[in-house]
Amino acid sequence: MSRFFRQAADSDDSESSDSEESLLSSDEDASPAKPAAPAKPAMSRFLRTANPSDSSSSESESESEDESDDEGAAHKEAKPKSRFLRDSDEEESDEEVKRVVKSARDKRLEEMEATGRTMDNALKINDWIAISTEYDKLTRMVQRQQNVAEPIPPFYIRTLISLEAALNAALAKEKEAKKKMNASNARALTAMKQRVRKTVKEYEKEIKQYNDDPEAFEQEYAALAVPQVQPRPEIVKKPAGVEGEGEDEDEFTQVGKGGKATQYTSEGIYKTLQAIQEARGKKNTDRADQIRILERLLEVAVAPYQRIRVLLALVSSRFDYNASIASYMPIEMWLSAQREIDGLIGVLIDDDGYSVQEVTEDYDDLVERTPEGEKDGVVRIRGSIMSFVDRLDDEFTRSLQNLDPHGTEYVDRLKDEKGLYCTICRAETLYEKKQLPEPLARVVMRRLEHIYSKPDAVLTALESAVATSNIPTPLSLASHATPSALIHALCAHLYKSGNSVLRTRAMLSHIYHHALHNDFYTARDMLLMSHLQEMVYSMDVGTQILYNRAVVQLGLCAFRSGLIKEAQSTLQDIFATQRVKELLAQGAHQPRFQTLTPEQEKAEKQRQLPFHMHINTELLEAAFLVSSMLVEIPMLASIDLEEQKRKAISKPFRRLLDFADRQVFTGPPESTRDHIMQASKALQHGQWEQCRDLIQDIKIWSLMPEAASVKEMLAKRIQEEGLRTYLFTFAPHYKTLSLALLERTFSLDRRAVNSLVSRMIWTEELPASLDQSAGVIVFHRVELTRPQQLAHILAEKVGTMVEQNEKALDIRLGGATAWGDRADGLKGDKRGEQAQERRGRGERRGGTNARGSRGGRGARFAQGLGSQMTKTR
């Protein structure tokens with residue numbers, strides 16, 4: 001019968017099985033030795049216990065087979081059973097015999113000894129490359145041992161001594177040898193010489209102790225290495241009713257590496273700070289653990305010097321916690337850093353005997369310092385409050401860049417700006433008190449960047465938070481009547497700074513603020529007199545973005561004020577590039593025929609402004625296209641020659657208009673561009689009411705401040721430009737035209753019609769005369785001959801050439817000089833003479849050009865706005 005089908009069963013009760021086992025054992029002892037039977041494969045435990053209710057015949061049969069198996073196995077070599085086939089008793093006995101429990105220290109020592117043996121083998125064959133690799137491994141093991149507060153093993157000291165001797169012998173042998181070793185081995189030998197020399201110098205004291213008495217050194221190590229077993233305290237169970245009585249007591253003791261209790265006292269602060277500074281920046285440093293240690297040190301710090309040193313290290317550690325540039329600092333960590341910076345500034349303001357400066361004389365970090373021990377009574381500590389404020393502000397901006405601007409997290413994060421503004425004001429108070437002009441200018445610029453683009457309500461809220469915090473800032477809203485006066489005071493302080501970049505940024509911020517408050521002429525004059533448009537291309541990217549924002553806000557200011565030509569000329573340069581979002585740092589630009597590298601994409605993303613500082617580009621485009629419509633449509637109607645019609649003032653607008661003209665079917669307007677293009681067509685045909693309705697139906701006007709007055713202004717300007725377009729278009733078909741008809745057609749009063757017609761006649765735009773008695777316009781048909789037309793074209797080309805030559809001359813003679821670098825307001829005697837000549841030439845040429853004088857700096861922006869400076873405001 002196959003063994004597979006046999007079933008071994010146990011007896012019905014334990015007594016019968018015991019008696020059978022005793023009988024079998026007695027029979028085995030009494031029976032003579034039998035010849036060995038062939039070994040059979042052992043039955044599995046699981047089959048042996050398969051059916052306990054089998055008959056006794058199967059029991060005896062299986063028992064006899066087991067006996068024969070055991071007897072046959074007795075004469076053969078014992079083979080180890082599989083661990084899955086062993087009985088539990090056997091497994092336990094084997095584990096008791098073979099398993100040896102080793103401590104982590106013993107395992108480390110064995111690993112170090114194995115490394116030492118490998119180095120010995122490599123030393124026999126003069127393989128310094130392998131020795132260098134194993135030495136690095138051994139050094140890391142010893143460093144790990146020191147990290148867990150264990151003493152240096154004598155084996156390592158012995159290895160250093162023998163390795164130094166082997167190195168000296170190898171170097172001496174290499175000098176005398178005729179055949180030199182290969183280059184890589186020689187380099188490894190030289191490197192090992194330097195590293196071993198450095199390590200021997202580091203462990204000089206231990207090596208000396210070992211050389212004096214090796215046995216005493218080993219005994220001392222053995223005594224330190226024996227763990228001290230402390231008796232476990234008895235745990236007393238509390239009654240069920242007094243569970244919460246001892247919750248406030250300290251039940252746990254903080255332990256460091258190695259299981260030793262760590263205690264922080266004011267006497268050991270400097271040593272702990274030194275250890276933290278040495279571990280800073282290393283690969284395996286636990287930054288969170290460092291922050292926890294510094295927080296404990298701050299609790300035990302007593303003296304102001306101790307608090308300042310701990311706070312400097314703690315804030316630096318918090319900023320080091322997030323090493324990635326792409327992500328932002330955790331908000332909880334940022335708030336903790338802000339509170340600690342406030343505390344650090346508060347300590348420095350309260351005690352004049354301490355000062356934190358970037359450049360100081362060398363001093364001992366482990367010695368307590370007091371103002372009484374210094375020469376001038378001021379303890380100067382190495383550090384930078386300004387760098388902390390800069391990093392705090394940058395991390396705040398980075399968090400806003402990474403958060404979803406349409407979620408509640410962004411709004412909650414934006415509320416933290418009030419605390420950040422108070423921190424900046426505290427730093428300003430500190431530097432004002434310490435009389436440090438350079439960091440004071442930087443912190444004032446940080447403060448200005450937070451408020452120059454804010455509405456008055458938000459600025460007032462920020463300043464009220466500063467007032468409630470009892471921060472004695474010299475420049476505050478309480479000392480100035482209006483927010484604009486506060487901005488002016490901050491900018492005036494920066495104008496006196498020696499840093500040209502800060503002066504430039506202060507000027508642009510001031511211009512932006514004036515434009516935001518509809519003070520167009522002041523902002524325009526500041527921009528033109530500073531000549532920033534000439535030197536903006538040589539500035540850094542951040543300043544260029546600020547310049548673009550100031551120019552765009554200036555254009556919107558002109559549009560809100562009803563200065564349509566100024567708005568169009570101001571916004572022209574920005575929209576001509578077709579990269580408005582990129583120039584305003586409100587979106588990344590993807591080049592068409594090239595791809596950006598990851599570094600370029602990362603730099604582009606870091607330059608983006610937070611969402612709450614964005615200028616609405618759709619509103620900006622609407623203002624630009626409407627301004628271009630009101631300028632371009634009358635000009636197109638006034639030109640008879642096709643060559644002159646191809647010359648556009650606004651190429652983006654002309655391109656959209658040509659595309660709309662090519663459309664076969666025009667449906668109802670949907671987007672802002674559709675409204676403006678259909679309004680332009682209506683204005684060309686003299687349908688000013690339809691044009692007005694289309695423009696006023698644009699929904700984006702609701703986002704503009706004072707939307708009602710803007711719509712009213714646009715309706716009035718459309719009436720006036722509709723009248724001018726009508727006169728330009730239909731003048732050849734009339735000999736006389738009644739003023740009363742124009743009044744009724746365009747819903748204007750007699751005075752407005754007379755003013756418009758008189759201006760057109762005076763500027764020679766309309767060849768006509770005004771008959772006041774009859775109340776009509778008398779048209780004079782003047783047809784230019786072909787030579788006269790060519791003469792006009794040639795005159796325009798010559799004027800353009802002169803303008804380009806003047807621009808090139810300005811650049812060659814130093815036209816990019818910064819406005820703040822000119823002490824007397826002039827760029828030199830020669831530049832002054834040339835400017836006078838150009839002004840004289842412009843006066844002699846005055847009246848010949850309908851668009852105004854072109855004798856300015858040469859830039860298109862200055863041409864558009866400079867012509868308005870001579871007019872009365």
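The chain exposes about 51,800 Å², of which carbon and sulfur atoms supply 52%; accessible areas come from the Shrake-Rupley method with a 1.4 Å probe. The model is predicted: local features need pLDDT of at least 70 and side-chain atom pairs pLDDT 80 or more, while totals for chains, interfaces and linings use all residues. Residues are numbered from 1 along each chain as its sequence is written, and side-chain values use heavy atoms, with hydrogens and water left out.

Of the 873 residues in the chain, 40% are buried (under 20% relative accessible area, 1.4 Å probe, protein chains only). The secondary structure comprises 38 helices and five strands, taken as DSSP runs (H or I, at least four residues, for helices; E, at least two, for strands) and numbered from the N terminus.

Helices α14 and α17 pack at an angle of about 25°, with their axes 10 Å apart; axes are lines fitted to C-alpha atoms over the stretch in contact, and angles run from 0 to 180 degrees between N-to-C directions. This makes α14 roughly parallel to α17 (an angle under 35 degrees). Contact means heavy atoms within 4.5 Å.

| Helix | Residues | Contact residues |
|---|---|---|
| α14 | 331–350 | W334, Q338, I341, D342, I345, L348, I349 |
| α17 | 417–434 | G419, L420, T423, R426, A427, T429, L430, K433, K434 |

I349 lies in helix α14. Leaving out residues up to four places away in sequence, I349 touches R426, T429, L430 and K433. The C-alpha atoms of I349 and L430 are separated by 5.9 Å, although the two are 81 residues apart along the chain.

Note on methods: Angles under 35 degrees count as roughly parallel, over 145 as roughly antiparallel, 65 to 115 as roughly perpendicular and the rest as oblique. Buried means under 20% relative accessible area, exposed over 50%, partly exposed in between (1.4 Å probe, protein chains only).
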